[in-house]
Amino acid sequence: MRRVHTLSFVVAAIVLLSIGGIGVVAGDPIDDGLDDPIDGDDLAPSAPASSTAVGGDVLVSSAAVSGDAPVSSAAAGGDAPASATADECGVEPDTELVGCWNGSHYEDDLSFNQSDGLTEAELESLTHLTMARVEHLRERPFREDVPVETVTRTEFMNGSTGSGNGTTGVAEDDEAFQRWNDEVWRALFVVGDDAAAGDEIDAVFGGAVTGFYSPGEDRIVLVVREGEEVQIDPSTLAHELVHAMQDQYHDLTHPRYVGATQDADLAVDGIVEGEAVHVEELYDARCANGWSCLAEPDDGGGSGGSAADYNFGILQTVLQPYSDGALYVEELVDEEGWSAVTEAMESPPDSTAEVIHRNPDYETREIEFEDSATDGWERYPDQGVDGAETTGEASMFVMFWYQSYEYDHLVLDPSASVRENVLIHTQPDEQLRTRANYNYAHDATAGWAGDELYPYRDGEEDGYVWVTEWQTPTDATEFREAYLEMLTAHGDGSYVNGEVYEIDGGDFSGAYGVDRDSTTVTIAHAPEPADVLELRPDADFDRPDSDGESGGDGGDGGDDTTRDGDDENGDANGGDGPADGDGPAAPGTGTPGEVPGFGVVAAIVALIAAVSVLARRSRP
């Protein structure tokens, strides 16, 4: 069962502030090429300051701007129903009126706070008021009531949410899936050789989720702090109520909301989560400018895990729909009104590239792949889509960015400092109104046109072949050069075109072959160079000799030349590499009954009842 949920932007911002972005505590000196150390202000995304009070008192805004905040960015066409007046509100739910639910009017003041916790009656009253406000902001009525429950973080982590559906969709002992899944995240240079992707995903979702809506059960569950006093994050309640409204109008259990691949899942969430975050932003703005609202809990909501518990590559990947999706929805509303959002919900985006670039006509291409592996190497035909995963532009961007954040490597901009590479993601040019957001666009990944990643196994050995397609040869070159920067940063020497590259030790050890043919870049990885040649026997790779000279009979030395002879974008020397032939030097499937995941689906058995954002995908 799919669950749509809130991942705390507060969590992401706090951990970026507290971890100093390069794997150390903020304020500790880092040799990043600048005189001053990285600090929290550098790493946390810029966002408008919130006027939300800290503590349990009701927040009656002292607005930063005068006057009444607009209901929405635009109400194109003027055909949205007007919100009801307070006098029109009845004591029973009215599915025709907008801005009124169970006698609560969207402009009503709260008569309680949560300094000593919320009673069941107060939580119900707050829910009715927030439903009325979501109606007013979204300009349409709810169709039925939405139950709201609370669980502690411990209960959430243990899966004790009373869902009653056990471990649907994921088998704890599915070693084939876990092995396939691990290779996907290793290919993205996010989960290393000695870590398990499932454990890393567990930690992210167990600590970052502040609430979820279950379409199959038509209810909201909010994650609250430990103890007897129930305090909730009011913004999370508004966010999850948007999902409840989406379900009432669009049926979130429909197959269109289950992506078959990592990229497809993130793309679908771009509109699903984007709408929820946009309405949540409008809600927060009104709380800062006239509405009587609860302050956040004393601990910021939900008592998430410590910064050290998170894999930031995974976290920043899954945050992409919340960030870019909100900007995507904001643009739709600004230009065409809420009707455009409704249409996008009926036909969700197909790729993260579509959301990142806000282009519903973004073109992709089919991947041409022929399994030519020899010597016992085999794929996983029952995993992913015929054994393949599509990672997409967002995941590829995070792959490159994460090398600076976690390993101090210079990848996206080799000429800049570590801090400046980190800021490419954490300091976006375009910002949301009330919360942090992130940039996922860069020349190294912006020309994405498709990809298929095939994990392989041969006995106890693991490998993969990753075929990526790009809009132009220049785009393919940009990606290849960034990939080689990443590769050589983890290795000890420069890359030689046409030669298998070896990384000895570290999180991503093994042999790598990288080949570009016009708009296609193919990457093969296995433990040893000989294994790479077995995975791609038709590739023009040489084995590296122990003395550093190229070995084998690898022809002209690799992909310096565009083989189809039609490089309309004209690389200066006819190919990817510099004129001297050297690369960059080392710089010092889902089904309606299953829950979708982001990319590689769920390894969350203990949390499956509560964190059903991830799930196993295979083609039926």
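Colleague: What makes the reach of helix 5 (residues 175-187) close to the one expected?

Modeller: Helix 5 has 13 residues and goes 18 Å from its first C-alpha to its last, close to the 18 Å expected at 1.5 Å a residue. The expected span is 1.5 Å times one less than the number of residues. Helices here are DSSP runs (H or I, at least four residues), strands are E runs of at least two, and both are numbered from the N terminus.

Colleague: What should I keep in mind about where this comes from?

Modeller: This is a predicted model, where local features need pLDDT of at least 70 and side-chain atom pairs count only at pLDDT 80 or more, while totals for chains, interfaces and linings use all residues. Residues are numbered from 1 along each chain as its sequence is written, and side-chain values use heavy atoms, with hydrogens and water left out.

Colleague: Which residues of helix 5 are buried?

Modeller: F177, W180, N181, D182, E183, V184, W185, R186 and A187 are. Buried means under 20% relative accessible area, exposed means over 50%, and partly exposed is in between (1.4 Å probe, protein chains only).

Colleague: Helix 5 is followed by F189. Why is F189 called buried?

Modeller: Its relative accessible area is 0%, so F189 is buried. F189 sits in the loop between helix 5 and helix 6 (197-208), and its phi is positive, near 55°. For background, most residues other than glycine have a negative phi.

Colleague: What does F189 touch?

Modeller: Leaving out residues up to four places away in sequence, F189 touches M399, Y402, Q403, Y464, Y483, M486, L487, H490, F508 and Y512; contact means heavy atoms within 4.5 Å. F508 is 319 residues from F189 along the chain, yet their C-alpha atoms are separated by 7.0 Å.

Colleague: Which residues of helix 13 and helix 15 meet?

Modeller: M396, M399, F400, Q403 and Y407 of helix 13 meet F479, A482, Y483, M486 and H490 of helix 15. By class that contact has eight nonpolar, two polar and no charged residues. Ala, Val, Leu, Ile, Met, Phe, Trp, Tyr, Cys and Pro count as nonpolar, Asp, Glu, Lys and Arg as charged, and the others, Gly among them, as polar.

Colleague: What makes helix 3 lie as it does against helix 8?

Modeller: Helix 3 (residues 120-138) and helix 8 (residues 262-287) pack at about 105°, with axes 10 Å apart. That makes helix 3 roughly perpendicular to helix 8. T130, R133, V134, H136, L137 and R138 of helix 3 make the contact with E275, V279, L282, Y283 and R286 of helix 8. The classes come out as five nonpolar, two polar and four charged residues.

Colleague: What about helix 10 and helix 11: how do you know their arrangement?

Modeller: The axes of helix 10 (residues 320-336) and helix 11 (residues 338-346) come within 6 Å and cross at roughly 130°. That angle makes helix 10 oblique to helix 11. V329, L332, V333 and E336 of helix 10 are in contact with W338, S339, A340, V341 and A344 of helix 11.

Colleague: Back to single residues. Is G505 buried, exposed or partly exposed, and what makes you say that?

Modeller: G505 has 32% relative accessibility, so G505 counts as partly exposed. G505 lies in the loop between strand 11 (501-503) and strand 12 (510-517). Its C-alpha is separated by 8.8 Å from that of H490, 15 residues apart along the chain.

Technical notes. Axes fitted to C-alpha atoms, helices over the stretch in contact; angles between N-to-C directions. Parallel < 35°, antiparallel > 145°, perpendicular 65-115°, else oblique.
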